[in-house]
Amino acid sequence: MIKLVKAGLLAVLLPFAATSFAATFEEGVHYEVVSERATKKPEVKEFFSFYCPACNNMEPLVAEIKPMLDKGVKFKKSHVDFVGIRDTEHQQMISQALATAEVLPQKDKIIAAIFSHIHTKRANFNELADVKDVFVAQGVDGDKFDKLFKSFSVRTLSSKMKRDQDYFKEKGALRGVPTFIVNGKYKLLLGRESGISEPADITNLINYLASK
């Protein structure tokens, strides 16, 4: 009997909880609509650069957010080529390095190692051999890296990063990094003005928008 009462109470309260939760997030305050089109599947995409100090500082926060995302919400990273003093061609090489990491089981370790190479070790990626050294240090076979880096799938993913970057720049949504866009449609407004800065709050906002 008690179980039935609890179940009935839960059924009554859930709709109100959902309404209350949704009401806490406002367009123009916590997020903005930046595109009419939306992705077919729920996702949150972080536009970032390995050369961006703020993106490097965001990594621990990202590590907290990812496990709290609703099931089915995929977290993606997309590297941009307009940050820092390095030329665009060089930064596109780093984008292709990220695309290469995406297809490897050591992906997270490689991403962390690239950030560390730039921001902790204060080292440069002057040529592709320097990038390869980081991958090899994370246990990736050198010959496998060479094949993957030049592969059609990796080049396609790298090209998509560039297309997405250009698309959202044209929409006025991508003025700096890190920038988070949910379902290809909603840009998160994070920071002091919106009051959204803690991992739990950011995750709740992502999950809310991903379900819209």
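View 1. Cysteine 52 is buried because its relative accessibility is 5% (buried: under 20% relative accessible area, exposed: over 50%, partly exposed in between; 1.4 Å probe, protein chains only). Cysteine 55, at 0% relative accessibility, is likewise counted as buried. The structure contains zero disulfides, a disulfide being a pair of cysteine sulfur atoms within 2.5 Å. This is a predicted model, in which local features need pLDDT of at least 70 and side-chain atom pairs count only at pLDDT 80 or more, while totals for chains, interfaces and linings use all residues. Residues are numbered from 1 along each chain as its sequence is written, and side-chain values use heavy atoms, with hydrogens and water left out.

**View 2. Glutamate 59 in helix α2.** Glutamate 59 lies in α2 (residues 53-65); helices (H or I, at least four residues) and strands (E, at least two) are DSSP runs numbered from the N terminus. Its relative accessibility of 18% makes glutamate 59 buried. Beyond neighbours within four places in sequence, glutamate 59 contacts Glu46, Lys77, Ile111 and Phe115 (contact: heavy atoms within 4.5 Å).

**View 3. Strand β2 and its partners.** Six of the six residues of β2 (residues 43-48) are buried. Glu43, Lys45 and Phe47 cover one side, and Val44, Glu46 and Phe48 the other. β2 pairs with β3 (residues 74-79) in the parallel sense over six bridges, where pairing requires at least two DSSP bridges between two strands. β2 and β4 (residues 179-182) run antiparallel, joined by four bridges. Phenylalanine 47 stands opposite serine 78 in β3 and opposite threonine 179 in β4.
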